[in-house]
Amino acid sequence: MALVTVRRHRDRGPGIRGREAAAGWLFLTPAIVILGLFLVLPVLMAAWVSVSDWTGRGSPFAAGVHFVGADNYGDLLATPGLAQRDFGTAIRNNAYYVLLVVPIQTVVALFLAVMVNQRLLKARGFFRTAYYFPSVTSSVAITVVFLFLFSSTGAVNDVMSYLGVHGPSWFADPRGVVHLLLGGLGVHQPPAALAGGSLLGLSWWQWISGPSVAMCVFILMGVFTTSGTFMLLFLSALQNIGAEIDEAATLDGTSGWQRFRFVTLPMIRPTMFTVLTLGLIGTWQIFDQIYTGTQGGPAKTTLTPAYLSYSASFQNQEWGHGAAIAFVLFAIIVILTIFQRLLLRGRA
Amino acid sequence: MSRTRVRPGAVVTYAVLVILAVLYILPFLVDIANSFKSEPEAAAHPLGLVPQTITSAAYRRLFQADFPTWFMNSVIVAATVTAGRVLFESMAGYALSRLHFRGRGLVYAGVVGVMAVPPVVLLIPKFLVINQLGMYDSYSGMIIPLLADAAGIFIMKNFFESIPRSVEEAATIDGAGTFRRFWSVVLPMARPAVITIFILSFQASWNELSHFIISSQDPRLTTLTKGVAQLASGELSAGTQYPIKLAAALIMTIPVTVLFFIFQRRIMNASAGAVKE
């Protein structure tokens, strides 16, 4: 059969491999053009803008635009000033967001997956749907709902007042939770050791502020919207384990927790890996919620690098800074992802 | 093991699951209820799930404003992007899995590399290119950059590799060209993957916000996400106007919800492809 095929194609000119190559490139053209034009080219163009003094007027390649070396990066990382302080603030805010959302959403997702994976559970489909549903909806819609739930006269404060607690005005509250805790212990002023300006224009006291009350609502929202997605990932990993292994462990007389800790957990390691990596990459990019909800306020405590990159460029016309922030953010994500992989691999 | 005995743990399990389910669903119920309340009532009784006086005032005001335009724009963009992605990504996936030519490995490495770039990092860069190409403030600038997605190509390629090659050989003997083989033989067999791409693309383009912020400013090109986000941040109006905002949030959730319930079984089982950005 193959012989016949080859002969027929030989009779027709350029040969099967030649025509296949042409077809291959033709099939790939739309994807290559789009990804090239809107993913690869932008990175190169932004690389130029990040080392230029372009102000957003005309083309960044016009004659009046100059090469300024690493000035834009210097403004963010080295030169004391507003740009550096904003950048430091954004990094601090987002770092707390990542530090809290990634572990919490991973634990919640795993917990939900284990719960809905029980074989004897009734209405499994309902529970899975309920937990996954927030992941389907747009972050804009969910932010709108949360703005309402956590407004000063909103549902959450309503519930809290039944319990006799006077709720804060969540989205308008810039106080850091670590500062609040320290305040509860009587520490209202920074100890001398923490008062000095130290890193990226913020004093150590400002660095340890913790997420602001407003940021805490975003953290809660982050867990609410992504735990369902990761629950599904864990669920398919759990289903791959199979009942036999679990039953074998049960016969060995292990407790539920021991089975989970020494049988289940090691077997879903690869998924844990994936969830932590996706979580880390995703949480460093929080933008939609900030744009919809607080625009970086109150007192810049929900400013994030992604939003700062946007506002520096589009609102303040500091395109060099905006592009430089994007590249630094990229570097942070890459470095932390590699670091995390090494860390998890080392413990295996 | 012991189906007949009532497990003491079972009660606790169900209690925990039900409480969690309520927590996950309640925000949406609160959204629905308050969108049918008057503004004073929404402020006074935000938790009431049944409005004391049901009013559709919020919806009427939405539809008198720009809201229908936003909705139409979202429909136009999401429909075009979904159709384009299904076609282009399956074509690219087919070429990368089935056609032999020099440079294929390189292109594949490029696709994987592109997947690693965080989208938010490209916000400013994409604006620069769109602006330079004269596509700013046009449907083309809003749609074309979204027409291909590396992750989708990846999914299609993997799926095509699971289809046996023998199905194509018969068509080859019959003298079918590459496109015919792709379109009438292999693509119909890739239905599950095509549906996955369809769901992911629609959900992604319907819920997309940042790309529309950087690719247009003309109010006539505002999509639902951008319009509602600006409504929420108070850029377009004074006062809290929560019923209106909640009504807008609710309506924009309906299309993805419908899609979700149609394909629920597939989505919940093929979880690997359902990662939200």
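Over residues 242-263 of chain B the chain is 95% helix and 0% strand, with the end C-alpha atoms 32 Å apart. This description, like those that follow, refers to a predicted model. The stretch 242-263 is one of the spans of chain B that UniProt, in an unreviewed entry, lists under the feature "transmembrane region", the others being residues 12-30, 70-88, 108-130, 142-160 and 181-202.

Residues 129-150 of chain A are 86% helix and 0% strand, and here the distance between the end C-alpha atoms is 25 Å. In terms of domains, chain A is divided into domain 1, covering 17-49, and domain 2, made up of 74-176 and 211-347; the C-alpha centres of domain 1 of chain A and domain 2 of chain A lie 33 Å apart.

The contact between the two chains involves 76 residues from chain A and 74 residues from chain B. On the side of chain B that touches chain A, helix H1 (residues 8-35) of chain B gives the most, contributing ten residues. By class, this side of chain B comprises 51 nonpolar, 15 polar and eight charged residues.

Within chain A, the packing of two helices can be described in some detail. The axes of helix H5 (residues 124-136) of chain A and helix H11 (residues 213-241) of chain A come within 7 Å and cross at roughly 120°, which makes H5(A) oblique to H11(A). The crossing in which H5(A) passes H11(A) is left-handed. The residues of H5(A) that take part are Tyr131(A), Tyr132(A), Phe133(A), Pro134(A) and Ser135(A), and they meet Phe224(A), Thr225(A), Thr226(A), Gly228(A), Thr229(A), Met231(A) and Leu232(A) in H11(A). Sorted by class, the contact of H5(A) with H11(A) has seven nonpolar and five polar residues, but no charged residues.

A helix pair in chain B was examined in the same terms. Helix H4 (residues 67-98) of chain B and helix H8 (residues 150-161) of chain B have axes that come within 7 Å and cross at roughly 50°, and H4(B) and H8(B) are therefore oblique to each other. H4(B) passes H8(B) in a right-handed crossing. From H4(B), the residues in contact are Arg85(B), Glu89(B), Ser90(B), Ala92(B), Gly93(B), Tyr94(B), Leu96(B), Ser97(B) and Arg98(B), whose partners in H8(B) are Gly152(B), Ile153(B), Met156(B), Lys157(B), Phe160(B) and Glu161(B). This contact of H4(B) with H8(B) has six nonpolar, four polar and five charged residues.

Two backbone features occur in a loop of chain A. Gly297(A) and Pro298(A) are joined by a cis peptide bond, for which omega is about -10°, and Pro298(A) is placed in the loop between helix H15 (288-293) and helix H16 (305-315) of chain A. Ala299(A), which also lies in the loop between H15 and H16 of chain A, has a positive phi of about 50° although it is not a glycine.

Conventions: Residues are numbered from 1 along each chain as its sequence is written. Chains are lettered from A and ligands numbered from 1 in the order in which they are written. This is a predicted model: local features need pLDDT of at least 70, side-chain atom pairs count only at pLDDT 80 or more; totals for chains, interfaces and linings use all residues. Two residues are in contact if their C-beta atoms, placed from the backbone, lie within 7 Å. Helices (H or I, at least four residues) and strands (E, at least two) are DSSP runs, numbered from the N terminus. Ala, Val, Leu, Ile, Met, Phe, Trp, Tyr, Cys and Pro count as nonpolar, Asp, Glu, Lys and Arg as charged, and the others, Gly among them, as polar. Domain bounds come from an automatic or database domain assignment. UniProt positions are given in the numbering used here, feature names are shortened, and annotations may be inferred rather than shown by experiment. Axes are lines fitted to C-alpha atoms, for helices over the stretch in contact, and angles run from 0 to 180 degrees between N-to-C directions. Angles under 35 degrees count as roughly parallel, over 145 as roughly antiparallel, 65 to 115 as roughly perpendicular and the rest as oblique. A crossing is left-handed if the near helix is turned anticlockwise from the far one by less than a right angle, and right-handed if clockwise.
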